[in-house]
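User: I would like to go through this structure with you. Please start with whatever I need in order to read the surface figures.

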Amino acid sequence: MKFNKRKFKQAVVENVKSLYRREMDEATDKQLYMAVAYAVKDLMMDDWIKSQREYKEQNKKTVFYLSMEFLMGRALGNNMINLTHYKEIAEALDELGLDINVIEDQERDAALGNGGLGRLAACFLDSLATLGYPAYGCGIRYHYGMFKQAIENGYQIEKPDDWLKDGNPFEIRREEYAKTVKFGGYVEVEIDDTGKRHFVQKGYQQVRAVPYDMPVLGYGNGVVNTLRIWDAEAIQTFNLSSFDQGDYQKAVEEQNLARNISEVLYPNDNHYSGKELRLKQQYFFVSASVQNAIDRFKNFNDDIHDLPNKVVFQLNDTHPTVAVAELMRILIDEEGLGWDDAWDIVCHTCAYTNHTIMSEALEKWPIELFSRLLPRVYQIVEEINARYVRQIQEKYPNQPEKVASMAILYDGQVRMAHLAIAGSYSVNGVARLHTEILKKRELKDFYEMRPEQFNNKTNGITQRRFLLHGDPLLADWVTDKIGDEWITDLPHIGKLAIYADDEKAQQEFLNIKYKNKLRLAKYIKEHNGVDVDPRSIFDCQVKRLHEYKRQLLNILHVMYLYNQIKEHPDMDIVPRTFIFGAKAAAGYSTAKLTIKLINSVADRINNDTSINGKLKVVFIEDYRVSNAEIIFAAADVSEQISTASKEASGTGNMKFMLNGALTLGTMDGANVEIVEEVGEENAFIFGKSADEIMDYEKNGGYNPHDIYNSNMEIRKVMTQLINGYYSPENPELFREIYNSLLNKDQYFTLLDFDSYVAAQEKVNEAYKDESAWAKSAILNIAKSGKFTADRTIEQYAQEIWKLEKIDLTK
């Protein structure tokens, strides 16, 4: 669509008037942002309408991507990019006296996700639209996200992320598609005149699921898909009868139930009511999404048996796996199918992505809770389990250990990953190593029973968000060198490799990196009050905080390096800025204490003038997509240091690589494939292998005391955790971390410490050779082509979903 600058400027001016009764010079920056956002949304509406109309008329198979998280980031800039009008719109705003950067900064990141799971889902939606595949993203419209992170006195403080406070200009409320979701009560069997049994849920509470649609644009192709997020509302907002009788709590009971469901992402489940709320959330959005998909199917198709040819539900990790049982409920109770027909449809409609090797994340619900909250669904799960157990026993007679390993219901729990595997036609991992570990260890019995069900789909990222928008200087440079085909065909970026040895190109790249580091340094000064040297090595670890990701290993090394500088003031070290960004789950005390440790170390080092600025440590508050873009663009070193065998894939590693950072990491997750692409000489690899770690876990043989007793440097760092060196007001503050490392060291932090130190020393030496560093950085960019979400989605679409692209020329 051709951009009309005059009309766009006029639309912005009119929006300011109609929304706020103001002239342009009277409007606040926030009001100007809203006016611009509505004008940009108007540019998308015709294509959105046309895309959805064509989906209906062409009646092609559609994927419904079910996910608890969609970490979308800011919408305005991304929509401008995918409209292919970013520079034209920026120019139009400039003519109105507006700075596009100031306008974009007014937008709150949509608080619909937290970590890699949600960002992957967002990248996948971008790729689905860009490739032209029919798709819906399905999730929850959280009012306050997980939380807005504040750092006070070094501690993480969780505050509500009120991202909807000023409204969301890119969403549309779709009242006409609202659904009813039921919780609790009991099930009665009623027999009709023909003798057929009907299972009827009674005595339940119910909420209304109201969808809000957000457009997801494909890049320059006119395709607009939909992210449909469900908000929970009361069926009856106020019960006057109960109020008049003095039962004030009963009067607003339904309203409170609804409000709780869509308030926050991942409520703390360290207590029973938190677990109950999480299960309610999962069933709420799954039930609404499945109901919606079936209604949509029935509008254009007559035979429910044809559902697998028109609909696929992709279950993004274990959170939405109750979809297997919910689809069965609808097919049996509402569509009148028999069990065998319904199960056959389910098993050809659902596909499951496993995103974790960590057993703690393979969700399990107490049967008491599950059966009380979802009585009819639980009956169906019981029957699925009974039939599945019979299959296991037929396949493996006289092997009760197989039933114990594979049953859906076992030891008082509903094992959701097992339900997903039983009811899905595809189970995929998200990196080659991860998938092999699933097949050989975590899900070994399932793989042996149905090996054809398992496959790998290595994750990817969207280059349009994380290079074209996030690093515009580098994006323009790449386009100038090789053309712009990389925007929709990232492997094309491989042509950049011929410039890796070009001295002029190396210097151009380094100048761009320096400008990006200046931008991040300015952000750090404004938000942290710390001056950092843009000529220092920017060493970055930004990701969800978990012990297996080993932010602790990173900060222990910082403590070690600080000790070395103090003991050897003249040591030859390139100045280093260590940059952290991470949120810890509200109930995860060890992770939160690690944040406090990082900030305590930062406070001491950043205020020690005797080291002459050789070290700085920065913790970026409230890490999110919008500040991540700035960090990726500025990074020199990408810290990907998880315990080998624990990280399923990682996608931050890919974003750093795309922006010319060198990977410092273990051979874990997608790091393995990154190193294969770029060569080990262009990365810094350390640590025990996945096989070695798994062998220690299985057979023992590692005692952290041995390392503590034999390594003086580690002993000194460990002692500083408990002698008040970093916490003079409370020397025992970090005792929990000390004890966990010395008595258990579950994630082999001390075991990998020396290898990590050696890799860091290689980083220091490599950075001194400016030309060689630039060459490696350019090669990292050039070899990033495999790691586009476009490739991943093409594999899903062809190998799992069997989708056809929409034809908008008809």
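Analyst: Accessible areas come from the Shrake-Rupley method with a 1.4 Å probe. The model is a predicted one. For the protein chain, the accessible surface comes to about 31,100 Å², and carbon and sulfur atoms hold 46% of that area.

User: What is the radius of gyration, and what secondary structure does the chain have?

Analyst: The protein chain has 34 helices and 23 strands. Its radius of gyration is 27 Å, close to the 28 Å given by the globule rule for 810 residues, so the chain is as compact as a globular protein of that length. The C-alpha trace spans about 95 × 75 × 60 Å along its principal axes.

User: What share of the residues is buried?

Analyst: Buried residues account for 61% of the 810 residues in the protein chain.

User: And what share of the contacts comes from residues 24 or more positions apart?

Analyst: Taking contacts with a separation of 6 or more, 77% are between residues 24 or more positions apart.

User: How far apart are the mean positions of the positive and negative charges?

Analyst: They are 1 Å apart, for 98 positive and 121 negative charges in the protein chain.

User: Let us turn to single residues. Where does Leu 327 lie, and is it buried or exposed?

Analyst: Leu 327 is part of helix H12, which covers residues 323-334. It counts as buried because its relative accessibility is 0%, and the cut-off for buried is under 20%.

User: Which residues does Leu 327 touch?

Analyst: Leaving aside residues up to four places away in sequence, Leu 327 touches Val 290, Ile 294, Leu 307, Phe 313, Val 346, Thr 349 and Cys 350. As for Val 377, which is 50 residues from Leu 327 along the chain, the C-alpha atoms of the two are separated by 9.6 Å.

User: Another helix, then. How many residues of H17 are buried?

Analyst: Eight of the eight residues in helix H17 (residues 416-423) are buried, so the helix is mostly covered by the under 20% criterion. The buried residues are Met 416, Ala 417, His 418, Leu 419, Ala 420, Ile 421, Ala 422 and Gly 423.

User: On to the strands. What is the order of the sheet that contains S13?

Analyst: The order is S13-S15-S14, in an open sheet of three strands with antiparallel pairing. Strands S13 (364-366) and S14 (409-410) are the edge strands, each pairing on one side only. Three bridges link S13 with strand S15 (residues 413-415) in the antiparallel sense, and Trp 365 stands opposite Val 414 of S15.

User: How many bridges join S3 to S4, and in what sense do they run?

Analyst: Five bridges join strand S3 (residues 148-152) to strand S4 (residues 155-159), and the two run antiparallel. Glu 152 has Tyr 155 in S4 as its bridge partner. The two strands form a hairpin with two residues between them. Asn 153, in the turn, has a positive phi of about 55 degrees.

User: Last topic: which residues lie on each side of S18?

Analyst: Ile 537, Asp 539 and Gln 541 are on one side, and Phe 538, Cys 540 and Val 542 are on the other. Both faces are covered, and six of the six residues in strand S18 (residues 537-542) are buried.

User: How does S18 run relative to S19?

Analyst: S18 and strand S19 (residues 576-581) run parallel and are joined by six bridges. Asp 539 stands opposite Phe 578 in S19.

Technical notes: Residues are numbered from 1 along each chain as its sequence is written. This is a predicted model: local features need pLDDT of at least 70, side-chain atom pairs count only at pLDDT 80 or more; totals for chains, interfaces and linings use all residues. Side-chain values use heavy atoms; hydrogens and water are left out. Helices (H or I, at least four residues) and strands (E, at least two) are DSSP runs, numbered from the N terminus. The radius of gyration is taken over C-alpha atoms; the globule rule is 2.2 Å times the number of residues to the power 0.38. Buried means under 20% relative accessible area, exposed over 50%, partly exposed in between (1.4 Å probe, protein chains only). Contact means heavy atoms within 4.5 Å. Lys and Arg count as positive and Asp and Glu as negative; His and the chain ends are not counted. The place of a charge is taken as NZ of Lys, CZ of Arg, CG of Asp or CD of Glu. Two strands pair if DSSP finds at least two bridges between them.
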